[in-house]
Amino acid sequence: MAETLNFQQMAADIVQLVGGTGNIQSVSHCMTRLRFVLKAEDKADTAAIKKIKGVLGVVSAGGQYMVVLGKNLPPVFEAVQKQFNLTEGKNTDENLDKDLVPEKKPLTVKSAAMAVLGYVSASVSPMITGLVAGGMLKVLLLIITLIDAGFSETTTYTLLSGVADACFYFMPIFVAYGAAKKLGSTPIYAMLCAASLLHGNYTSLVAAGEPVTLLGLPVRLMSYSSSLLPALLLTLCACYLEKFFNKIIPGIFKSLLVGLCTVTVTMIAGYVVLAPIGGYIGNYLAIVFGFLGDTVGPIAIAVLAACLPWLVMCGMHLALVPFMTQALTNPGYDAVFRPAFILHNMVEGGACIGVALRAKSAEFRSEALGIAFGCIVAGVTEPAIYGINLPRKSPMIGVMAGGAAGGIVAGLLGARVYVMGCSTILALPIFQQTILAAAVAVVVAIVVSAVVTFILNPEKNSENA
């Protein structure tokens, strides 16, 4: 009971300190962070939020204000929903006559890049837990089929594999939902447009391969299942069209005509221009991913794994999730991103082991080893980053060294991820036939991180002070 009251108080304090419900445009979460889109971030009292017991840190990046909670996230998020009626992704200001940004600012390359980053990150974050759930179910089915090959011929396997694949196949719909929430538009319009790309009427035309026109305009036939970019472009178009039609259509006809005009015009542009553009960009990205994995894989993984602790602290790591999913779709494997993510979690744990080996206090040693276990087995790194490694500074060198060493080994041995999964040691089966290469890279990463941290981390700094 005390824990429930504590989580309720944490939720109340956080909401109050971010500026109250009136300052919250939307709220969502990932694995360890409560993610707010605030109307005015300067109203948030970051210093006070960091002092709340159970809060591991605060990060502002990509248009999101993120409160790092680690294992405390689920009960706190639930308390936020119940106490303040803030459902996931709920937009508290749905006046589409307002601009997407309240204040006009000069457009620069940096601001444009950050706007794109914020849009992509916010669009992807609501579906991450679903992707992981589907990926881990695929891993479980894979393990069962390795034990019993005949299981793949059963109806049980067929039905469960459908569940595992659903989040990936219908990804455009989920992306459209997150993108619409980010833009403050009506999600069902964007989801309807994305779903039309997967409807049997369209997919049958793709399968037939005959020339198709829409209002006399040629339609480029492509498969958009498991795609991201077409949905992002369609949602952006639908958002601005909805705003436009809300302005020009009289109030008495809005409920009848705004949705009709929005989805119709969006999909005329979508079938003819927007979806093919997104598809082509995705294909070119696949070429880039293939090049990285086949030619400069060791360097690419090493650099990314070494930089990930800083990307995670800035909240920018989510911007890489679309590239992971795109790579798994085409060329069909991820040789860079997920391997680097897994290695990063391993080295955070390895650095905690190095700190624990230096510690004089048995209590702190036990705490550090427990956090290391959480990194390696559960894939939760925030307690390690904010509680142990970053405050002591030198363990971060061990983290980067271990990530680089593991990345080089993973690239040289050809480690590749074939299905989505968590970034933990328990998810090694997602590497399938390259699992041995991944296992060797993981061991190297943990050992190097622990050894470098042990050498560089002074014993006096290992105390829980």
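The model is predicted. Its largest nonpolar core has 56 residues, and another core, of 25 residues, lies apart from it.

**The largest nonpolar core**

- Leu343, Ile430 and Phe431 are the residues with the most contacts inside the core of 56 residues.
- Helix 14, which covers residues 337–358, gives the most to this core, with 8 residues.
- Setting aside residues up to four places away in sequence, isoleucine 430 touches Val139, Arg338, Ile342, Arg416, Val417, Tyr418, Val419, Met420, Gly421 and Cys422.

**The other core and isoleucine 49**

- The core of 25 residues includes Phe7, Val15, Ile49 and Leu86.
- Isoleucine 49 belongs to helix 2, residues 46–50.
- Isoleucine 49 has a relative accessible area of 0%; buried means under 20%, so this residue is buried.
- Leucine 17 and isoleucine 49 are 32 residues apart along the chain, yet 6.5 Å separates their C-alpha atoms.
- Leu17 is also among the residues that isoleucine 49 touches, together with Val18, Val55, Val58, Tyr65 and Val67, when residues up to four places away in sequence are not counted.

**Helix 14 and helix 16**

- Two packed helices are described by the angle between their axes and the distance between the axes.
- For helix 14 and helix 16 (residues 382–392), the axes come within 10 Å and cross at roughly 60 degrees.
- The two helices, helix 14 and helix 16, are therefore oblique to each other.
- Their crossing is left-handed.
- On the side of helix 14, the contact is made by His344, Glu348, Ala351, Cys352 and Val355.
- On the side of helix 16, Ala384, Ile385, Ile388, Asn389 and Arg392 take part in the contact.

**Serine 449**

- Serine 449 is part of helix 18, which spans residues 435–456.
- The relative accessibility of serine 449 is 0%, and for this reason the residue counts as buried.
- A polar atom of the serine 449 side chain lies 2.7 Å from the backbone oxygen of valine 347.
- Not counting residues up to four places away in sequence, serine 449 touches Val347, Gly350, Ala351, Gly398, Val399 and Gly402.

- Helix 8 runs over residues 187–196, and its buried residues are Pro187, Ala190, Cys193, Ala194 and Ser196.
- These buried residues are covered by elements including helix 7 (171–183), helix 9 (200–208), helix 10 (229–248) and helix 11 (251–294).

Note on methods: Residues are numbered from 1 along each chain as its sequence is written. This is a predicted model: local features need pLDDT of at least 70, side-chain atom pairs count only at pLDDT 80 or more; totals for chains, interfaces and linings use all residues. Side-chain values use heavy atoms; hydrogens and water are left out. A nonpolar core is a set of buried Ala, Val, Leu, Ile, Met, Phe, Trp, Tyr and Cys residues joined through side-chain atoms within 4.5 Å. Buried means under 20% relative accessible area, exposed over 50%, partly exposed in between (1.4 Å probe, protein chains only). Helices (H or I, at least four residues) and strands (E, at least two) are DSSP runs, numbered from the N terminus. Contact means heavy atoms within 4.5 Å. A polar contact is a pair of N or O atoms within 3.5 Å; within protein, one must be able to donate a hydrogen and the other to accept it, and residues adjacent in sequence count only if both atoms are side-chain atoms. Axes are lines fitted to C-alpha atoms, for helices over the stretch in contact, and angles run from 0 to 180 degrees between N-to-C directions. Angles under 35 degrees count as roughly parallel, over 145 as roughly antiparallel, 65 to 115 as roughly perpendicular and the rest as oblique. A crossing is left-handed if the near helix is turned anticlockwise from the far one by less than a right angle, and right-handed if clockwise.
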